[in-house]
Amino acid sequence: MGMEQDFDAVVVGAGFAGLYMLHRLRGEGYTVRVIEMAAGVGGTWFWNRYPGARCDIESMQYSYQFSDDLQQDWEWTEKYATQPEILRYAEHVAERFDLKRDIQFNTRVTAAVFDETAERWRINLEDGTTLGARFCIMALGCLSTTNLPEFNGLDDYQGDKYHTGEWPHEGVDFTGRQVGVIGTGSSAIQSIPIIAEQAAHLTVFQRTPNYAVPAWNEPLDPDEVRTIKADYAGLRKKAKARPTGVVFPFNEFSALSVPEARRQEIYQEYWQRGGLAFMGAFGDLLVDEAANETAAEFVRGKIREKVDDPATAELLAPQTVFGCKRLCVDTDYFQTYNRDNVSLVDVSEDPIDGFTATGLTVAGKPYEFDAAVFATGFDAMVGSFTRIDIRGRDDVALKDKWLGGPRTLLGLCSAGFPNMFMITGPGSPSVLASMIQAIEQNVDWIIDCMNHMRDNDLDVIEAEVAEEDAWVEHVGEIAAGSLRSTCSSWYLGGSIPGRPRVFMPYIGGFPTYVEKCDYVAAAGYEGFRLA
Ligand code: FAD
Ligand code: NAP
């Protein structure tokens, strides 16, 4: 068959998922090669170098827990780590566990084909090489394929173009420049205040406003770090028991169960705490529309307080369900619109017509700028899969199987694609949980499964169609009960024109999912066919 090299497993991607997968596979004695199209490790944190990029899960929790020495040794400096710091952490992990020798960088996987006779995967690389492997493990990331909308005339535009998810390594100095930012999601909300400080003028093109809660970022308190490190395992255990996999204070009672004055006090208290923890103010914010509206109105009130011009404040105040799109965490985002050099253009009713040599037009009106920043997000959850020509049994292409939305069992496997695992695939909690924790859980499950196969002389594992159908239906059913299904967001493919509206991550909570995965394994991989 002319394969140049053969492995037990080929892993695609060297973000936090690929790195930990490699570490575990090697530790269990499997031969492995990781293929990564970037020039280095870190995935998200390698690519997203835009100004202001940082995590919105507190850094003491946004980290690996598989090695106590690692979590004790590593020193985070801020409540929310910056992109450079997280990238340094990923590089430290790669060095510390000597991972780079098994990673091939600057190489894109273009195809992965299951050979039914040999029961092995053939993995084609952009450089023309083919690798063979019993297991093909996709550590592709949920937010790794950027979305650049097909704007008319984009090629005619003579200015510089940047996408937040593919930011130049040397950085960009906007000093004295006219800048246009398209999009107002998390990436825009983090970068706009910093770009505004540099630019001569910044024009923001907003299609849908977003809710944001202040980060109140600050240097980490050494006493707090010491306390956490004295019982890191305790913090991790508490996190695992939470639906989001993150520890923050929360109330279980309804927003409607307390009088208005008390409700406002509680919102104010959670506002002062800041960040995603604001969602914990009441127990029913994502299930009861009336409760949700009280949170939405509280945050709209904050936006009106911060933005001087009432018309701009109204444009910035979302009317959608609070937390339907992913809640943003900001530092001085709304105040930025009080600057003389910043203007906001609403493109919700009249979309961007297209680009010209010097900018773009909306309803025929020209806006000129010499640098365009596309903060237009990602082809989330499925885009990195469909860009690889993945073929399973009977030469069926995964992208065809997923035309009506992704179909997986537990987000780990897809029927008809034997011995292909996905880490945080669609149908797993992934982006609705703290991601590194979700990654470690998926990787550990995959390793246990591979060891079970090795111990029992089993060559092939494959999701059963009926079980997969039931899981897909279950994922859809519980999503339908959440207010998160009520708007257009990347959770349901909303960023990409023409995509079916299918809620992709599992919204039933991290502990419920872990319980289901553990049950399946304990029952001899119930729902999977092993041969
Ligand atoms: P990634 O880090 O995306 O890595 C996937 C890798 O696969 C990439 O390096 C990519 O180059 C590679 N790859 C993909 N396709 C191919 C191919 N065909 N061939 C070769 N290589 C390929 N999550 C949180 O929990 N908290 C946060 O605060 C948070 N902040 C975020 C901020 C930003 C700006 C973004 C974009 C995401 C954020 N996330 C956050 C989600 C984040 O993606 C995860 O936390 C985590 O980093 C994902 O790791 P991963 O290894 O699964 O995927
Ligand atoms: P995003 O949330 O998908 O935002 C994309 C923005 O571009 C939206 O405002 C969208 O408008 C707009 N847009 C897309 N196509 C457009 C078009 N044709 N015309 C006009 N506007 C258009 O992407 P993101 O900001 O990169 O964030 C993605 C996810 O990454 C986040 O939700 C989060 O999970 C993660 N992230 C986290 C952080 C963090 O704080 N840690 C930071 C960045 C990213 P519509 O809303 O109308 O579609």
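Helices are DSSP runs of H or I with at least four residues, strands are E runs of at least two, and both are numbered from the N terminus. With that settled, let's start.

This is a predicted model, where local features need pLDDT of at least 70, side-chain atom pairs count only at pLDDT 80 or more, and totals for chains, interfaces and linings use all residues. Residues are numbered from 1 along each chain as its sequence is written, chains are lettered from A and ligands numbered from 1 in the order written, and side-chain values use heavy atoms, with hydrogens and water left out.

Salt bridges next. The rule: a side-chain nitrogen of Lys or Arg within 4 Å of a carboxyl oxygen of Asp or Glu. The count is 30.

Take Arg226 and Asp223. They form a salt bridge, 2.5 Å from N to O. The two sit three residues apart in helix H6 (residues 222-230), so about one helical turn separates them. How accessible are they? Buried means under 20% relative accessible area, exposed means over 50%, and partly exposed is in between, with a 1.4 Å probe and protein chains only. Arg226 is exposed at 54%. Asp223 is partly exposed at 45%.

Arg24 bridges to Asp444, with the closest N and O atoms 2.8 Å apart. Arg24 is in helix H1 (residues 16-27) and Asp444 in helix H13 (residues 435-455), so the bridge ties together parts 420 residues apart in sequence. Asp444 is partly exposed, at 25%.

Arg499 lies between helix H14 (465-480) and helix H15 (510-522), Asp379 between strand S16 (371-374) and helix H11 (383-386). Arg499 is partly exposed at 30%. Asp379 is buried at 4%.

On to ligand 2. Which residues are closest?

Oxygen atoms of the ligand come close to N or O atoms of the protein. The Trp490 side chain is at 2.8 Å. The Asp56 side chain is at 3.2 Å. For Ala375, a backbone atom lies at 3.3 Å. The protein covers 88% of the 910 Å² of accessible area that ligand 2 has on its own, by the Shrake-Rupley method with a 1.4 Å probe.

Methods: A polar contact is a pair of N or O atoms within 3.5 Å; within protein, one must be able to donate a hydrogen and the other to accept it, and residues adjacent in sequence count only if both atoms are side-chain atoms.
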